[in-house]
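Me: I'm new to this structure and would like a close look at a single part. Please take me through the surroundings of one residue, and then show me what else is worth a stop.

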Amino acid sequence: MKLKTAIAIMAAGALAPAASLWAQGPAPLHERTAQTDLPLESARASMHLQHLFLSIAVQPEMKRIEGTAFYRVIPRADLAEFQFDLDPRYTVSRVEIDDVALSPADWNNPDGLLTVALPQPVAVGEPVMVLIDYAGVPNEAANPPWGGGFVWSETEAGQPWIATAVQGEGCDLIWPCIDHSSHRIDTLDMMVTVPDGLIVAGNGRQIGTSDNGDGTTTFRWQARDPSNYGITLQIAPYEVARHDYESVFGNTFPLVFWHLPNHAEGANRMLDEMADQIDFMESLFGPYPFGDEKAGVAETPHLGMEHQTINAYGNGFQPEAYGHDWLLQHEFAHEWFANQLRNETINHMWLAEGFTTWTRPLYLEWSRGEMFYDAEMWRSRQRVWSRVPLVPPEGELPDYNDREAMWGDDIYFKGAWILHTLRSLVGDDVLLPAITRLTYGTDDPRPGEISPVNRTTDDFRSILEELSGRDLDWFFDAYLYQAALPDLVATRDGATLRLEWQTPSDLAFEMPVDVRVEGQVRTVDMVEGRGQLDLGNSEAHYLVDPANRILKYDAAIEAWQNRDSED
């Protein structure tokens with residue numbers, strides 16, 4: 001199928017698979033399918049998916065989908081085969097390469113790695129058109145959004161309410177993709193066909209709706225630079241609330257909330273909160289990254305997820321003492337830290353989750369005052385575990401759901417506390433511009449000139465070192481690459497207070513320490529990880545780190561965290 005033909009068909013209606021194929025029913029996820037970010041190798045490492053036409057017909061009564069994926073692939077090396085990640089519970093009925101239909105013997109997908117033998121080798125840089133028809137009963141999410149897949153639910157009136165949430169397991173639960181954090185497609189044309197009466201809230205801009213005359217309606221969406229797990233299906237008998245937002249950067253874009261019937265009041269309140277949150281985020285970090293499309297939210301039967309330009313929201317519009325909805329704030333901040341700034345691999349996932357978690361106390365400080373910032377940081381501190389390194393070695397895939405290691409907590413809360421400690425070390429004048437450069441790839445981001453960037457922890461360290469003019473290897477090694485937190489040992493000898501940092505790192509931890517002595521705060525420089533202070537007399541009361549700005553080992557917190565295991 002040539003590109004012009006595909007565009008014409010998609011303008012008229014959904015691309016239907018060649019045949020109706022029935023999956024054999026739910027089955028456990030294959031080991032490969034259950035894990036995103038497996039090493040990029042062979043053909044997967046050398047395929048750039050420049051454009052994707054993705055057509056999906058959703059059949060709620062059978063919990064089934066039929067899909068067609070039509071790609072423009074740019075090889076980055078000479079290739080004799082293509083490979084895509086795709087859950088093997090889907091049956092592939094047709095594959096075409098540049099309009100040539102292949103024999104079923106030319107493709108196989110026994111374990112979730114769909115391998116297609118090309119009719120003839122392709123050269124580096126030579127565009128190739130690939131069409132894949134697939135269908136089946138997708139994985140049903142066991143515990144969304146943490147246990148991923150499709151969510152098949154119903155509204156109070158008994159109408160279908162459908163969502164997808166696949167961050168951990170990956171895009172291959174929905175469509176043939178390259179399931180890796182560093183990989184993305186440039187542009188997406190997505191058509192979703194559903195029974196009449198249902199509405200599809202999608203990524204990017206809605207560019208069309210068609211009544212197919214057979215009891216179904218097709219919704220067409222276009223998006224640029226979508227993240228793999230950020231591509232989503234969110235389907236219900238939605239109604240729409242909309243506000244326009246005028247940014248300080250000179251552009252205006254829509255804020256849109258797809259909500260269930262009778263939830264308009266809550267949805268409009270959430271849009272007012274979003275506008276306030278954009279004010280905050282733009283003032284600290286830079287322009288909303290997807291102002292050329294929209295800032296969107298869809299009400300979902302699961303808690304939430306940062307789907308690009310169409311965040312999932314399932315928090316029930318509950319008022320909070322803080323004065324804003326924490327879930328809406330968290331997921332929307334991910335538009336900056338997850339959808340614009342993307343971790344190169346899952347090992348650097350703290351760049352998305354830790355940065356986003358830190359925006360919550362920052363937003364409270366901005367909107368309510370310093371007490372709220374401190375209260376939220378204290379709440380987060382209780383969920384810092386530090387049992388494993390925050391950034392595991394490359395090639396070692398962390399387990400988000402491991403309740404012994406607790407890495408899944410640390411990427412949020414330890415990540416936020418690392419930024420809190422950096423704030424006290426280098427100051428807002430360095431840290432905030434460093435985050436802007438890390439997030440946009442420039443010091444002066446402008447609407448219309450923004451595209452997502454992939455980043456690692458070392459990228460962040462390099463930017464901070466350049467802007468601060470200091471070596472920060474010791475800081476990053478202790479906090480990011482070692483499991484145990486730095487331990488501050490204080491020894492008093494009469495009027496002399498001796499301080500020493502102890503860490504597993506080979507590098508001396510030189511974090512300065514504030515000490516309050518009889519109401520006065522003095523700073524101790526910790527050269528080679530050691531320092532001392534004259535307290536004035538042997539009876540003077542002192543308190544180290546009185547403002548609690550340093551992430552360090554705390555025996556009281558450890559005992560509290562372990563209380564259940566000791567009972």
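Reply:
**Around R516**

R516 lies in strand β25, which covers residues 513-517. Strands here are DSSP runs of E with at least two residues, while helices are runs of H or I with at least four, both numbered from the N terminus. This is a predicted model, so local features need pLDDT of at least 70 and side-chain atom pairs count only at pLDDT 80 or more, whereas totals for chains, interfaces and linings use all residues. Residues are numbered from 1 along each chain as its sequence is written, and side-chain values use heavy atoms, with hydrogens and water left out.

(Buried means under 20% relative accessible area, exposed over 50%, and partly exposed in between, with a 1.4 Å probe and protein chains only.)

Y322 is another story: 194 residues separate it from R516 in sequence, and the C-alpha atoms are 30 Å apart.

Now for the other stop, a disulfide, meaning two cysteine sulfur atoms within 2.5 Å. A search of the whole structure turns up 1, joining C171 to C177 with 2.1 Å from S to S. That link is right-handed, with 90° about the S-S bond. C171 counts as buried because its relative accessibility is 1%, and C177 is buried too, at 0%.
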